[in-house]
Amino acid sequence: MSKELPRTAKGRRTRAAIVDAAASMMYTHGVAGTTLDDVLAASETGKSQLYHYFSDKSDLVEAVIARQLERVLAAQPRLAHIDSLEDIDAWAAEIVRNHEQPGGPFSCPLGSLAAELKNDAAFVPSLHAAFRRWERPLEQGLRRMIDRGELDVSTDPAATAATLIASLQGGMLIARIAGDVHPLRDTLDAAVAAVRRRRTRH
């Protein structure tokens, strides 16, 4: 059961330190490979502090899901300004740039959690909500384009946004296996091109 967020600035800092440490360790070692003792050591906090803010490890994992979503959105600032096909192009290009250095990262903090926890019914609702939150700016931008007559009215904005994010996740996985950014770039290019084909002719 989730506990209330701390009311004091010090409490918020302590809780954030625990969540940030857990998020970093779970991204690197996985949820199963991260113990609460590991998190305590990394965050330099005590057991009483951890249990003051979190009921158990599952409660902490829920907070990590939310934190990783924040990291994903912060790394994609163009998502907040999706209002045209050119904006979607720029968003996709920004993602590719973030992964262009040799060896990647080719990994997504939220996607990594989802891959590990996808069969755990306790976390599926939170993961689903996090991905929907990620898709929403794309969906809203696509809906505005449809309303303005720039995209065919048969376009499903929610499904199209979900396809763009799914293409990103799949492209990232193949890029990681290949050790090369090109599969990610090619997959995103194909997904964006599919949206462009929905453009109306004026």
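Q68 is found in helix α4, which covers residues 57-74. In this predicted model, Q68 is buried, with a relative accessible area of 1%. Leaving out residues up to four places away in sequence, Q68 touches A23, Y27, P109, L110 and L113. Two of these partners, A23 and Y27, belong to the α1 side of the contact between α1 and α4, and Q68 itself is listed on the α4 side.

**Overall architecture**

The protein chain contains nine helices and zero strands. From the N terminus on, its elements run α-α-α-α-α-α-α-α-α. Along its principal axes, the C-alpha trace spans about 65 × 35 × 30 Å. Of the 202 residues in the chain, 43% are buried. Among contacts with a separation of 6 or more, 68% are accounted for by residues 24 or more positions apart.

**Two helix pairs**

Two packed helices are described by the angle between their axes and the distance between the axes. The table sets out these values for two pairs.

| Helix pair | Angle between axes | Distance between axes |
|---|---|---|
| α1 and α4 | roughly 80 degrees | within 9 Å |
| α5 and α7 | about 155 degrees | 10 Å |

The axes of α1 and α4 cross at roughly 80 degrees. That makes α1 roughly perpendicular to α4. On the α1 side, the contact involves R15, I18, V19, D20, A22, A23, S24, M26 and Y27; these meet K57, L60, V61, A63, V64, R67, Q68 and R71 in α4. By class, the residues of this contact divide into ten nonpolar, two polar and five charged.

Helix α5 (residues 85-98) and helix α7 (residues 124-147) pack at an angle of about 155 degrees. An angle over 145 degrees counts as roughly antiparallel, and α5 and α7 are therefore roughly antiparallel to each other. Here L85, I88 and W91 in α5 meet L138, L142 and M145 in α7. This contact has six nonpolar, no polar and no charged residues.

**The nonpolar core**

In soluble globular proteins, nonpolar side chains tend to be buried together. In this model, the largest nonpolar core has 56 residues. The residues with the most contacts inside this core are I88, W91, L110, W134 and L138. Helix α7 gives the most to the core, with eight residues.

W134 has its own set of partners. Leaving aside neighbours within four places in sequence, W134 is in contact with L69, V72, L73, Q76, L79, C108, L110, I165, L168 and Q169.

Which residues of helix α2 are buried? In this helix (residues 36-43), they are L36, V39, L40 and S43. Seen down the axis of α2, its buried residues fall within an arc of 100 degrees, so they line one face of the helix. An α-helix has 3.6 residues a turn, so residues three or four places apart point the same way.

The buried residues of α2 pack against α1 (9-29), α3 (47-53) and α4. The face of α2 turned away from its buried side carries the exposed residues D37 and A41. Just after α2, E44 takes a positive phi of about 55 degrees.

Key:
Residues numbered from 1 in each chain as written. Predicted model: local features only at pLDDT ≥ 70, side-chain atom pairs only at ≥ 80, totals over all residues. Heavy atoms only, no water. Axes fitted to C-alpha atoms, helices over the stretch in contact; angles between N-to-C directions. Helix = DSSP H or I, 4+ residues; strand = E, 2+ residues; numbered from the N terminus. Parallel < 35°, antiparallel > 145°, perpendicular 65-115°, else oblique. Contact = heavy atoms within 4.5 Å. Nonpolar A, V, L, I, M, F, W, Y, C, P; charged D, E, K, R; others polar. Buried < 20%, exposed > 50% of the residue type's maximum accessible area, 1.4 Å probe, protein only. Core = buried A, V, L, I, M, F, W, Y, C linked by side-chain atoms within 4.5 Å. Arc of directions from axis to C-beta.
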